[in-house]
Amino acid sequence: MLRVLTALKPTNILHIGNYFGAIEPFLQQQKTGDSNFLFIADYHSITVPQDPDELRKNILFATAAYLAAGVDPEKTTLFQQSYLQEHTELAWILNCVASMGEVERMTQYKDKARVKGETVSVGLFDYPVLMAADILLYDTEIVPVGEDQKQHVELARDLAERFNKRFGETFVIPKPMIRKQGARIMGLDDPEKKMSKSAPSEKNYISLMDDEATVLRKIKSAVTDSEGTIRFDESRKAVANLMTIYSLVTEKSMEEIETEFAGKGYGDFKIALAGHITAFLKPMQDKINSLLKNEDELRNIIKQGAGKARSIAQKKMIEVRKKIGVS
Ligand code: TYM
């Protein structure tokens, strides 16, 4: 049995970076894996202020999006994090195993804290520890994530090793699974930074729900460079990023894309890219819209998933409480 687990925050809308960084690699694992867990990380979302009604809506949207993308509740335990108090309980225990120094070293926190200054929440600082709890609670072996989450999975490994040394063999040591291409889709308006749901401009990302006109507008305004050729070179960050997206939505290699656009410029390339993105997203959008018509059914699926997850989480917490001496 190979246990695979990942999660996404239901913050704003999901974008193609989330899809290619985490959802698609998870779906690959679902094909062969026999123990797959995917959850909606709602307690991670509240590390930055959320409108409660908006959050409720986003949780349902995320559920519909995963199902539309191909998550099969027969093969994957799909649930909402906050149904299970074991996640936050284990996070507290791991807080007492983690050191301030190692959590302070998390680059994502440093980046976010730089923008927010002292108003940054304690939760945002501590969220890698909650993420470690999410992973370790289920004896997870493989964690499919985008590049930006690698450091957090490494923290989970460190905490598991330290806990096991201190209290005896308890946790499985997890490994991040990061795809070669597409693990870090960059912002369309700023290829120096990753595509992000919380970017100040909508032109930064392609949402999974963007329609044809929006995709075309955003791709047309995407940053390029002055070279004017469709040639893959990692140092040409903007063009390399657009070519990566092209390759992901068409499953064409970089060589094939270069041949297709030999002698052509960014204008032709961008129009073709926008068309392929729309063709890729449209069937998924239709399914999402149809699934969202039956909210009770969606709620039922994540509730049933939580029931399955609970038996594993509760067993693990009985073991952990015993090991640390509180029961
Ligand atoms: P979140 O919600 O920020 O992102 C969800 C997933 O999408 C990936 N991702 C990207 N991949 C490629 N290019 C991008 N531009 C891009 N932006 C985001 C992320 O790497 C991630 O895999 N802490 C996590 C959620 C989480 C989790 C977990 C993940 C909570 N508990 C346990 C794995 C295991 C997060 O904030 O993801």
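Good morning. In general, side chains of opposite charge can pair when their charged atoms come close. A search of the whole structure finds 21 salt bridges. Please keep in mind that this is a predicted model.

Let me now turn to the domains. The domain assignment of the protein gives domain 1, made of residues 4-177 and 295-324, and domain 2, residues 202-289. Taken over C-alpha atoms, the centres of domain 1 and domain 2 are separated by 30 Å.

How many residues of domain 1 are in contact with domain 2? There are 11 residues of domain 1, and they are in contact with 13 residues of domain 2. The size of an interface is often given as the accessible area lost when the parts come together. Between domain 1 and domain 2, the buried area is about 1,200 Å², and carbon and sulfur atoms give 85% of that area. On the side of domain 1, I16, F20 and A68 lose the most area to domain 2; together they account for 47% of what that side buries.

Which polar and charged links cross this interface? Between domain 1 and domain 2 the count of salt bridges is zero. Two residue pairs are in polar contact across the interface, both at pLDDT 80 or more.

By class, the side of domain 1 that touches domain 2 has 10 nonpolar residues, one polar residue and no charged residues.

Finally, I come to the aromatic rings. The structure has 11 aromatic pairs. One of them joins F37 and Y138 in a tilted arrangement, 5.2 Å centre to centre, with 35° between the planes. This pair links distant parts of the chain, 101 residues apart. F37 is in strand 2, residues 35-40, whereas Y138 is in the loop between helix 7, residues 122-136, and strand 4, residues 142-144.

Thank you for your attention.

Definitions and conventions: Residues numbered from 1 in each chain as written. Predicted model: local features only at pLDDT ≥ 70, side-chain atom pairs only at ≥ 80, totals over all residues. Heavy atoms only, no water. Domains from an automatic or database assignment. Contact = heavy atoms within 4.5 Å. Buried area = accessible area lost by both parts, 1.4 Å probe. Salt bridge = Lys/Arg side-chain N within 4 Å of Asp/Glu carboxyl O. Polar contact = N/O pair within 3.5 Å; in protein donor to acceptor, adjacent residues only side chain to side chain. Nonpolar A, V, L, I, M, F, W, Y, C, P; charged D, E, K, R; others polar. Phe/Tyr/Trp six-rings, centres within 6.5 Å; stacked < 30°, edge-to-face > 60°. Helix = DSSP H or I, 4+ residues; strand = E, 2+ residues; numbered from the N terminus.
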